[in-house]
Amino acid sequence: MLERLNEAMEHIERHLGGTVGAAELARIAMTSEYHFRRMFSALAGMPLSEYLRRRRLTVAGAEVLAGERTLLDIAVRYGYGSGEAFARAFRAVHGVGPGEARRTGAVLRSQPRMAFRLVIEGSSSMEYRIVAKPEFRVAGRKARVSLVYEGVNPAIAEFVQGLGEETVRRIAALSDQDPEGIVAVCDDLDPIRAEGSELDYWHGAVTSRQVPDDLEALAVPAGSWAVFANTGPYPQALQQLWADVYAQWFPSNPYRSRPGPEILRVRPAPGGATATAELWIPVERTVE
């Protein structure tokens, strides 16, 4: 998988002056566009669109300083329809306009080419199981929140705190299958998963029961799930687990992510500083 990802990165470099689409890159990597976007964001730490923008403007910056082409020629060469659009994008990345950069020989910012490598640390293994589940529902309450990669998500914390003990008790009573009890469910995420993008957060229970009218329900089709577990500081250990799944597990196993909600079951230890977390990610087998 990593070899194919690197072939896609080479394709980007060869076509910085043209159109580079996620669908074409996914074809080169021999995976789905959905999974490619998810993998790229997890491994690169930024959305694919942001990497493409930075690489184009890095190479364009070198041409601006070289002074061999007009600024309009460079703008068109790297896909900008006008000098004004190029100037805005150039300033957003480099902190200075292209004209001023050429006149003054300004210091510009550079986005290095990326290549993916699998780094083996220690001798620990990642434990997982594959679960095939029939159709089920998530019953509970939901809120539209922004994605936060590190630390506590304040919008989620405020939302959960405002539910009230009685509502949480009623939701928990609907649980009738694995993962049991109260779960946190993330759904309808932006495919690029940029920090600050929005998602539906559910505080609910996995159930096959009738959902009361005053609660909301999310229908989840049948499918396979990869289930991972770890114990450690919360939420840092969970966030690291999510990163490890995409950086280590997916490149080493014949599965890819598929559209669907991600489910998290957390059991805090006394005191709340640490917790045992179980992460459910919807997957499908890859076809070689």
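Which residues is Ile12 in contact with, leaving aside its neighbours within four places in sequence? Select Ile12 and find Val20, Leu25, Leu48, Tyr51 and Leu52 around it; contact here means heavy atoms within 4.5 Å.

**Before going on**

This is a predicted model, in which local features need pLDDT of at least 70 and side-chain atom pairs count only at pLDDT 80 or more, while totals for chains, interfaces and linings use all residues. Residues are numbered from 1 along each chain as its sequence is written, and side-chain values use heavy atoms, with hydrogens and water left out.

**The whole chain**

Show the protein chain as a cartoon: there are 10 helices and nine strands. Helices (H or I, at least four residues) and strands (E, at least two) are DSSP runs, numbered from the N terminus. The C-alpha trace spans about 70 × 45 × 35 Å along its principal axes. Of the 288 residues, 45% count as buried; buried means under 20% relative accessible area, exposed over 50%, and partly exposed in between (1.4 Å probe, protein chains only). Among contacts with a separation of 6 or more, 73% are between residues 24 or more positions apart.

**A buried arginine**

Select Arg55, in helix H4 (residues 48–66). Arg55 is buried, with a relative accessible area of 7%. Its side chain is joined to that of Glu13 by a polar contact of 2.7 Å. A polar contact is a pair of N or O atoms within 3.5 Å; within protein, one must be able to donate a hydrogen and the other to accept it, and residues adjacent in sequence count only if both atoms are side-chain atoms. Leaving aside neighbours within four places in sequence, Arg55 is in contact with Glu13, Leu16, Gln111, Pro112 and Arg113.

**The largest pocket**

About 1200 Å³ of space lies in the largest pocket. Of the 41 residues that line this pocket, Tyr234, Pro235, Leu238, Gln239 and Leu264 are the closest to its centre. On a 1 Å grid over the protein atoms alone, a pocket is an open set of points with protein on both sides within 12 Å along at least five of seven lines, a cavity is a set of points where a 1.4 Å probe fits but cannot get out, and lining residues have an atom within 4 Å of a point. Grid points are joined across faces, edges and corners, and a volume is the space filled by probe spheres set on the points.

Elements that each supply at least two residues of the pocket lining include helix H3 (33–44), helix H10 (236–252), strand E8 (262–268) and strand E9 (274–285). By class, the lining has 26 nonpolar, 11 polar and four charged residues. Ala, Val, Leu, Ile, Met, Phe, Trp, Tyr, Cys and Pro count as nonpolar, Asp, Glu, Lys and Arg as charged, and the others, Gly among them, as polar.

**The cavity**

How many cavities of 30 Å³ or more does a search of the whole structure find? The search finds one, and about 30 Å³ of space lies in the largest cavity. To see its lining, select Asn230, Thr231, Gly232, Pro233, Tyr234, Ala237, Leu238, Ala275 and Ala277. Strand E6 gives the most to this lining, with four residues. The lining has six nonpolar, three polar and no charged residues.

**Backbone stops**

Most residues other than glycine have a negative phi, and most peptide bonds are trans. Select Asp178 and Pro179: a cis peptide bond joins them, with omega about -5°. Pro179 lies in the loop between helix H9 (165–173) and strand E3.

Move to Met30, which has a positive phi of about 60° although it is not a glycine. Met30 lies in the loop between helix H2 (22–28) and H3 and is partly exposed, with a relative accessible area of 45%. Asp188 is also not a glycine and has a positive phi of about 55°; its place is in the loop between E3 and E4.

End at Ser32, in the loop between H2 and H3. Ser32 is buried, with a relative accessible area of 18%. Leaving aside neighbours within four places in sequence, Ser32 is in contact with Ala26, Arg256 and Ser257.
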